[in-house]
Amino acid sequence: VRSRRQRQMCIRDSGKTTLLTRIVQRDIYGFPPELGCHYVGCHELEAYQELSDTVTEFMQKAAAATGCDEALVGTALSSAGFDERPDLLQQRVSQLSGGWRMKLGIAKSELFSRNLLLLDEPTNHLDRSSVLWLQAYLKQLAASGITVCIVSHDYDFLAEVLTRVINFHALKLLSLIHISEP
């Protein structure tokens, strides 16, 4: 994970979400404390179903919590496609579809200083055009030096974005497979 050459990874077989959770909680022995990471996945998105904030309010609060410049909110929302649907900016987060909640989670991640983005089943609830957007977005992140760790069962999606596959079982590394750049 320390090397920027490790761009995107997939973890398969067992304990996937648990591993991502432990990484983001810094509950892995030897994990570099200076490495900025952010998790976007099922647990976070489920919590969005309870939020009464509008998309704009949600992002403004996230910006305030992270201490980042509030001007970054518009850029982050735009990069996640909200500029194509400005009507959603005043919609309550709880009323967003699952796909738009995933895009909101990804937009929120841009407010954090991160070297590592952890995505848990990012294509769930996404339509085909949103999956294509996500593929392009992840390739841009990799090109900028951000490592993305993906848990997904969408093999067509993974085939487009992976450069490494990590297989583990019972807390033991089984294999690390290097794939040519997609």
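Of the 182 residues in this protein, 49% count as buried. Buried means under 20% relative accessible area, exposed means over 50%, and partly exposed lies in between, with a 1.4 Å probe and protein chains only.

A word on the source. This is a predicted model, where local features need pLDDT of at least 70, side-chain atom pairs count only at pLDDT 80 or more, and totals for chains, interfaces and linings use all residues. Residues are numbered from 1 along each chain as its sequence is written, and side-chain values use heavy atoms, with hydrogens and water left out.

Now the layout. The protein has seven helices and six strands. Both are DSSP runs, numbered from the N terminus: helices are H or I with at least four residues, strands are E with at least two. Read from the N terminus, the order is β-α-β-α-α-α-α-β-α-β-α-β-β.

Next, contacts, meaning heavy atoms within 4.5 Å. Take the contacts with a separation of 6 or more: 68% of them join residues 24 or more positions apart. Ala 47 and Ser 94 are 47 residues apart, and their C-alpha atoms are separated by 8.8 Å. Ala 47 is in helix H2, residues 42-48. Its relative accessibility is 43%, so Ala 47 counts as partly exposed.

On to helix packing. Two packed helices are described by the angle between their axes and the distance between the axes. Here, axes are lines fitted to C-alpha atoms, for helices over the stretch in contact, and angles run from 0 to 180 degrees between N-to-C directions.

Look at helix H3, residues 55-66, and helix H5, residues 98-109. Their axes come within 10 Å and cross at roughly 30°. H3 is therefore roughly parallel to H5. The cut-offs: under 35 degrees is roughly parallel, over 145 roughly antiparallel, 65 to 115 roughly perpendicular, and the rest oblique. Which residues in H3 and H5 meet? From H3, they are Val 55, Phe 58, Met 59 and Ala 62; from H5, Leu 104, Ala 107 and Lys 108. That contact has six nonpolar residues, no polar and one charged. Ala, Val, Leu, Ile, Met, Phe, Trp, Tyr, Cys and Pro count as nonpolar, Asp, Glu, Lys and Arg as charged, and the others, Gly among them, as polar.

H3 also packs with helix H4, residues 71-79: the axes come within 9 Å and cross at roughly 125°. So H3 is oblique to H4. Val 55, Met 59, Gln 60 and Ala 63 of H3 meet Val 73, Ala 76 and Leu 77 of H4. This contact divides into six nonpolar, one polar and no charged.

Now helix H6, residues 128-143, which holds Gln 135. Is Gln 135 buried or exposed? It counts as buried, because its relative accessibility is 7%. Leaving out residues up to four places away in sequence, Gln 135 touches Arg 128, Asp 156, Phe 157, Glu 160 and Val 161.

Last, the backbone. Most residues other than glycine have a negative phi. Arg 26 is not a glycine, yet its phi is positive, about 60°. Arg 26 sits in the loop between helix H1 (16-24) and strand S2 (37-40). At 34% relative accessibility, Arg 26 is partly exposed. Glu 121 also has a positive phi, near 55°. Its loop runs between strand S3 (116-120) and H6. Glu 121 is buried, at 15% relative accessibility.
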